[in-house]
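Hi,

Here is the structure we talked about, handed over as promised.

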Amino acid sequence: MPPRLSTPDGRVTTPSTRTLLGEDEGGLVRRTVLPGGLRVVTEAVPTVRSVSIGVWVGVGSVEEDVTEAGATHYLEHLLFKGTPKRTALDISAAVESVGGEINAFTAKEFTCYYARVLDADLPLAVDVVADMVTSSLIAPDDVESEREVVLEEIAMRDDDPSDAVHDLLASRMWGDSPLGRSILGSVESITGMSRETVNTYYRRHYLARNMVVAAAGNLRHDDVVALVEKAFASAGFLDSSDDPTPPRITGAAPGTGRGVTLLHRPTEQANVVLAVPGLARNDDRRFALGVLNAALGGGMSSRLFQEVRERRGLAYSVYSYAAQHAAAGLFGVYVGCQPKKVDQVLDLCRTVLADVVHRGITQEELERGKGQARGGLVLGLEDTSARMSRLAKAELVYDELPSVDELIARVDRVTMDDVTDLARSLLPASPTLAVVGPFDEVTRFEAALG
């Protein structure tokens, strides 16, 4: 199923050709579906001399059951350990020897393996990334050695309270559900995970129909398709007659937990996140949420930054943010402050949120928020990696590829009433509070929530 495409005037169409967006949109975007349902989407950017290429797999930590917690991320590590053609050193050295970079990341709903190289080295990048994604050995010795690496990564997360607090919040808000569990898994789940479990997970999810190859830069679409077809066919990935897996645009929403969760750490700073349920990723109100977020805590001119840091000096870091997934989302405020100031900071944050609920934002904040959103959209697409990511996400999770002009138009259509209504819908909800710091009693924070 191809993504729905928004034309500059806002009409939505399903293309019958392979051209998605023309050159008048800033780049030529084309799409081809190979046998097995493997999608190849490219954007030609002839003004650069590099190409960013990514193999995106529509599997993230939300696919895991309790016994597989952390398997997606564990597998991401293992795919760099070797194939019948290349050792782990060969994989990294091949790309780095031409001045390129190769890496990967795991998210809640997808995994990405990517490389950025000079345009002349695109054939090498496609071959290396496709080889590791399709033909990893998952050797028993590698499973054991990489287990220790993942456990070190979990320990590093636990030692960084500004990271740990967000996993703590998700666990409290969404409980023992796929969204609530950490992408990294736990010490217990990783320690107990067998090679058979990881390999079975790999073979079950890493199929052509679940994959998108996205590329942006100085390229020709037909050349990329030929390279991808050769690399994936040699691994037997194009032998089926499957259609592409539909985009993940809905899901079963987990229950929402409220109240306080506390992780005691003898730190010099308290790390706090105050959050309420937010919007799912494809909610039409997400553009209004972007404007609201900008007004509340999206930059140095935002209310939270001005009230908490500039006027009172209560914290160095304070911001608001939205996390959005297919089934659910959250809107949160993060603050890092001295433990003795945490009660004052929490009270001030709640006062700022309540003021927006009761009195809304100003016209100046509305325009500033729109400007911030417009600038972020356009400036973000200056980078070929961002363009590559945009193509893949259109296939995997958005089911549409709007032009930049249409995205800007959607931002411009946000009204004061849209933002006010959204604030009054989201912010009064009973909040969830996660705290990491040198505290022993949850009750003091329960009182702060009212």
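Let me start with strand β14 (residues 432–437), which is mostly covered: six of its six residues are buried. By buried I mean under 20% relative accessible area, with exposed being over 50% and partly exposed in between (1.4 Å probe, protein chains only). Helices (H or I, at least four residues) and strands (E, at least two) are DSSP runs, numbered from the N terminus.

Before going on, a word on the source: this is a predicted model, so local features need pLDDT of at least 70 and side-chain atom pairs count only at pLDDT 80 or more, while totals for chains, interfaces and linings use all residues. Residues are numbered from 1 along each chain as its sequence is written, and side-chain values use heavy atoms, with hydrogens and water left out.

Back to β14. T432, A434 and V436 point one way from the strand, L433, V435 and G437 point the other way, and all are buried. Two strands pair with β14, where pairing takes at least two bridges found by DSSP between the strands. Strand β10 (residues 259–264) runs parallel to β14 over six bridges, and G259 has T432 as its bridge partner there.

Now the helices. In α15 (residues 416–426), the buried residues are V419, T420, L422, A423 and L426. Seen down the axis of α15, they fall within an arc of 165 degrees (taken from the directions from the helix axis to the C-beta atoms), so they line one face of the helix. Their cover includes β11, α9, α11 and α12, going by contact, meaning heavy atoms within 4.5 Å.

Helix α10 (residues 303–310) buries R303, L304, F305 and V308. Those residues pack against α9 (286–297), β12 (317–324), β13 (329–337), α11 (342–359) and α12 (363–380).

Most residues other than glycine have a negative phi. I138, though not a glycine, has a positive phi near 45 degrees. I138 sits in the loop between α3 (122–134) and α4 (140–159), and is buried at a relative accessible area of 2%. D399 is not a glycine either, and its phi is positive at about 65 degrees. You'll find D399 in the loop between α13 (384–398) and α14 (404–412), buried with a relative accessible area of 7%.

Cheers
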